[in-house]
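Hi,

Here is the structure I promised to pass on.

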Amino acid sequence: MTTYKIVAATGCPTGIAHTYMAQEALEQAAKRKGISIKVETHGQVGIENQLTPEEIKNADAVIIAADKDVQAERFAGKRVITVPVSKGIKDADQLIEEALMKGSITAENQTVDAMEKVDMEITTGIGHSIYKNLMNGVSHMLPFVVAGGVIIAISFAIWGVYSFDPNDPTYNSTAAMLKGIGDTAMGMMVPILAAYIAEGIAKRPGLVVGFVGGLLANAGGAGFLGGIFAGFLAGYFILLLQKVMKGLPKQLDGLKAIFLYPVIGVLFIGVVMTLLAKPMEAINQGMMDFLSGFQNSNPLILGIIVGCMSAFDMGGPVNKAAYVTGTALLAQGNHTFMAGVSAACIAPPLITGFAALLFGKYFDTNDRNAGLVNFILGSTHITEGAIPFAAKDPLRVLPTMMLGSSIAAVLTYMFGVQVPAPHGGFLVLPVVTGKVAWVGSILLGSIVGGVILGLIQKRSVEKREAEVSAVEMKEVTNH
């Protein structure tokens, strides 16, 4: 008897938590069904547990649970189910069931070319496609921002904020060197973002065009928004070139890849970004000024917006919109906005931890253990640990998370805390300006949210017990 075989690929934008949670969920769901599965992960460290061509060939079905590019063209000719990574975590059993069904989604029986890719993206949802390609850029950009931000913060923490300036009395040559290294890493943010957005759309031919577009956006002052525009424009222009040149003899394929695509693409993106640099710089500056103004004039509203966005889908598109804005402002030298975003992202898992700690008897053993583990996850800025709690009762749990995150963010802005690193949680505490205020803001928001979540759980358990008692009483009366 032949064993039914499934292969899968998982990947989330940051490549830290969702990727491996989806892997584990799929493996456990397959195990319950007695099905063989191999899950390839596309995390921050690269591709792990990589699928071989032989394994893909022998697979009966493919599950892609990813919000980034996982080279789906490898699976042409197989039955493929493509979903966001969050669905891989929450609905793993359903995905395994769908993979076992003969009516599963089917990929075309030939190599995916440029226009087939566009057709597939339209079929799977243009919104998800745009998000996936944007997050492909963000996931590659993030290590540059983290490394650069932390190195700059170290120089500030040891020698002072102006120690890199030769004209300042606090000048230190080592501090100036570290600041230069950090600035170089941070300066790669926009080019890398644009390059890998384009790469997600058009594969390797799009990479160089996107990179040059990002460099021009950076140099022209168009910044983060200009980088996003350059990345998408470069990627889709290369797809258009591929369609236009599809009729050329196959012998010219090598020439197209090494000469025609990069030369025509770079020329096109270069002209467009040069002409649009000034208008986009004005838009970029306007957005930065608007958000900076909110920080100073109305931290309450800004904190509520950031808190609700960060806790709404915990690692999903809304959360990432706040996070990406924070990293963009960080590269502009604004360390205050990111402080609120970080606080709002750290709070949800801590909320579950405090709920499990203070109301432990109302949670089952698995949830109690998960809540306590979330103290560690939350402390390292991994929001996704709260997802299993939210998935069980989203209508009541998500508003609780949003309230706790909003309290943390609002207080962070009110205290004027500055966080120069976009990730790391309490691990970056040594370089935070306003350490006690920041930790206190997060803990207060988390405890308030934890108490409310615990009370919700208590009421739910007591209601369930009352219903059981009523049924038992009724049975006794009837007998």
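**What I found**

I258 sits in helix 11, which covers residues 253-297 (helices are DSSP runs of H or I with at least four residues, strands are runs of E with at least two, both numbered from the N terminus). I258 counts as exposed because its relative accessibility is 69%; the cut-offs are under 20% relative accessible area for buried, over 50% for exposed and partly exposed in between, with a 1.4 Å probe and protein chains only. Together with L248, L252, L255, F259, V263 and I264, I258 makes a nonpolar surface patch of about 590 Å². Patch members have over 30% relative accessible area and no salt bridge, with nonpolar side chains (Val, Leu, Ile, Met, Phe, Trp, Tyr) joined within 5 Å and like charges within 9 Å. A salt bridge here is a Lys or Arg side-chain nitrogen within 4 Å of a carboxyl oxygen of Asp or Glu.

Before you go further: this is a predicted model, where local features need pLDDT of at least 70 and side-chain atom pairs count only at pLDDT 80 or more, while totals for chains, interfaces and linings use all residues. Residues are numbered from 1 along each chain as its sequence is written, and side-chain values use heavy atoms, with hydrogens and water left out.

Five strands form an open sheet with mixed pairing, in the order 3-2-1-4-5 (two strands pair if DSSP finds at least two bridges between them). Strand 3 (46-48) and strand 5 (80-83) are the edges, each pairing on one side only. Strand 2 (residues 36-43) runs antiparallel to strand 3, and three bridges join them; G43 has G46 in strand 3 as its bridge partner.

So where does T41 belong? T41 is in strand 2, and T41 counts as buried because its relative accessibility is 1%. Beyond its neighbours within four places in sequence, T41 is in contact (heavy atoms within 4.5 Å) with T10, T19, Y20, Q23, G46, I47 and E48.

Helix 1 (residues 18-33) lies across strand 1 (5-11), strand 2, strand 3 and strand 4 (61-66), and runs at about 180° to strand 2. Angles run from 0 to 180 degrees between N-to-C directions, with axes fitted to C-alpha atoms, for helices over the stretch in contact.

For the whole chain, I get 18 helices and five strands, and 49% of the 479 residues count as buried.

Cheers

How values were computed:
Areas by Shrake-Rupley, 256 points an atom, 1.4 Å probe, with all protein chains shown as cover.
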